[in-house]
Amino acid sequence: MTGPDLFASFRRAEMLVARSRPLDALQALAPVLDSQPDDASVQLLAGRAYLNSAQLTRAEQAFVRVLDLDPTDHYARFALGKALHRQG
């Protein structure tokens, strides 16, 4: 997939998360995750989609990865807490 295609897939995934369609978002995001696993914004979007689809362990892993890449990301820290709280 080319750069513009990856960007389009990322934007589509953002739109799908915003429309409460996290499983579709994860499907759209899959090639981006494969291509750019160390991009904090990609991991953050994946974490949001996982959280919204109740895939809490995967959400936790994505948010931890974001914090590994960018320890100052306050939203990732908040969302990680939310994922952990929902896991019990």
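Arg-65 has a relative accessible area of 27% and is partly exposed; buried means under 20% relative accessible area, exposed over 50%, and partly exposed in between (1.4 Å probe, protein chains only). The model is predicted, so local features need pLDDT of at least 70 and side-chain atom pairs count only at pLDDT 80 or more, while totals for chains, interfaces and linings use all residues. Residues are numbered from 1 along each chain as its sequence is written, and side-chain values use heavy atoms, with hydrogens and water left out.

Arg-65 meets Asp-38 in a salt bridge, with 2.5 Å from N to O. A salt bridge is a side-chain nitrogen of Lys or Arg within 4 Å of a carboxyl oxygen of Asp or Glu. This pair links distant parts of the chain, 27 residues apart: Asp-38 is in the loop between helix H2 (22-35) and H3, and Arg-65 is in helix H4. Helices (H or I, at least four residues) and strands (E, at least two) are DSSP runs, numbered from the N terminus. Asp-38 counts as exposed, at 51% relative accessibility.

The whole structure holds three salt bridges, tabulated here.

| Salt bridge | N to O distance |
|---|---|
| Arg-11 and Glu-14 | 3.2 Å |
| Asp-24 and Arg-21 | 2.8 Å |
| Asp-38 and Arg-65 | 2.5 Å |

Arg-11 and Glu-14 are three residues apart in helix H1 (residues 3-18), so about one helical turn separates them. Arg-11 is partly exposed at 48%, and Glu-14 is partly exposed at 28%. In the pair of Asp-24 and Arg-21, Asp-24 is partly exposed at 30% relative accessibility and Arg-21 is partly exposed at 37%.

The protein chain has five helices and zero strands. Its radius of gyration is 12 Å, close to the 12 Å that the globule rule gives for 88 residues, so the chain is as compact as a globular protein of that length. The radius is taken over C-alpha atoms, and the rule is 2.2 Å times the number of residues to the power 0.38. Along the principal axes, the C-alpha atoms fill a box of roughly 40 × 25 × 15 Å. Of the 88 residues, 39% are buried.

Asp-73 lies in the loop between helix H4 (56-69) and helix H5 (74-87). Asp-73 is buried yet has no salt bridge; Arg-77, the nearest side chain of opposite charge, is 7.9 Å away. For charge, Lys and Arg count as positive and Asp and Glu as negative; His and the chain ends are not counted. The side chain of Asp-73 reaches the backbone nitrogen of Ala-76 at 2.8 Å. Not counting residues up to four places away in sequence, Asp-73 touches Leu-44, Val-66 and Leu-67, where contact means heavy atoms within 4.5 Å.

Ala-46, in helix H3, is buried with a relative accessible area of 0%. Leaving aside neighbours within four places in sequence, Ala-46 is in contact with Leu-26, Leu-29, Leu-33 and Ala-62.

There is one aromatic pair. Tyr-75 and Phe-78 form this tilted pair, 6.1 Å centre to centre with 45° between the planes. Rings of Phe, Tyr and Trp (its six-membered ring) pair if their centres lie within 6.5 Å; planes under 30 degrees apart count as stacked, over 60 as edge-to-face and the rest as tilted. Tyr-75 is partly exposed at 39% relative accessibility, whereas Phe-78 is exposed at 53%.

Key: A polar contact is a pair of N or O atoms within 3.5 Å; within protein, one must be able to donate a hydrogen and the other to accept it, and residues adjacent in sequence count only if both atoms are side-chain atoms.
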